[in-house]
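Please view the structure below before reading on.

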Amino acid sequence: MHDLACRRGDRVLFRGLSFALNAGEALQVTGTNGTGKSSLLRLVAGLARPFAGSVARHGAVGLVDERPALDPELPLERALAFWRGLDGRTPVDLDALGLADLLDVPVRYLSTGQRKRAAMARLLGQRAEVWLLDEPLNGLDVHAAALVERLAAAHCREGGVLLIASHQPFALAGMREVALADFAP
Ligand SMILES: Nc1ncnc2c1ncn2[C@@H]1O[C@H](COP(=O)(O)OP(=O)(O)OP(=O)(O)O)[C@@H](O)[C@H]1O
């Protein structure tokens, strides 16, 4: 991220944000509701264009936000199979994610935490080098939250890059933190 600025509607949310993440590094962006955390992830993902500055990425990007890209009408197994057809057949431990007993349940019936875990399953299958996690612990019970923290640590150990947007604490050794409010105009 180089000298990045973000505008939504007629308001500039932040400006002058520069940051570099190398392989294995993690950064948490913090800030109160509406400071622009999700907007920043969308800029980094390439889903929105910066008002100023630029983003450069190396490697594939996996974004997990509150909208899992899983067909709500399909049973979970088939919704995940759709992505396996595109992402490749990386084995994902659905048991560890607490999803093994839910494979016949339509995605629209999954609880908030179950949907989040399903989104993590898809992310793991994607094998993207860059993980962008928007409020990754939202809706998760303590066991699932600890699991996601372990998955994030493993991702970084394997040389992945991690950018988290959250106002909640996320336990990850060595993760740096930046407060988006410091870049308000
Ligand atoms: N398409 C849009 N047009 C205009 N304003 C928008 C648009 N999308 C988001 N915003 C505004 O941009 C601001 C930042 O939104 P964003 O979702 O990035 O914040 P956030 O820090 O992730 O908040 P939260 O902690 O509530 O998730 C909010 O005030 C929001 O209303």
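By class, the shell around the ligand holds one nonpolar, nine polar and two charged residues; here Ala, Val, Leu, Ile, Met, Phe, Trp, Tyr, Cys and Pro count as nonpolar, Asp, Glu, Lys and Arg as charged, and the others, Gly among them, as polar. Among the residues surrounding the ligand are Arg-8, Leu-13, Lys-37 and His-167, each with its C-beta atom, placed from the backbone, within 6 Å of the ligand. Helix H1 (residues 37-45) gives the largest share of this shell, three residues.

This is a predicted model, in which local features need pLDDT of at least 70, side-chain atom pairs count only at pLDDT 80 or more, and totals for chains, interfaces and linings use all residues. Residues are numbered from 1 along each chain as its sequence is written. The model's ipTM is 0.92 and its pTM 0.94.

The domain assignment, which is automatic or from a database, gives two entries:

| Domain | Residues |
|---|---|
| Domain 1 | 1-59 + 129-185 |
| Domain 2 | 71-126 |

The C-alpha centres of domain 1 and domain 2 lie 23 Å apart. Nine residues of domain 1 are in contact with eight residues of domain 2, contact meaning C-beta atoms, placed from the backbone, within 7 Å. On the domain 1 side, helix H4 (residues 142-157) supplies the largest share, four residues. That side divides into six nonpolar residues, two polar and one charged.

Leaving aside neighbours within four places in sequence, Ala-121 is in contact with Leu-80, Val-92, Leu-94, Leu-97 and Leu-99.

Terms used:
Two residues are in contact if their C-beta atoms, placed from the backbone, lie within 7 Å. Helices (H or I, at least four residues) and strands (E, at least two) are DSSP runs, numbered from the N terminus.
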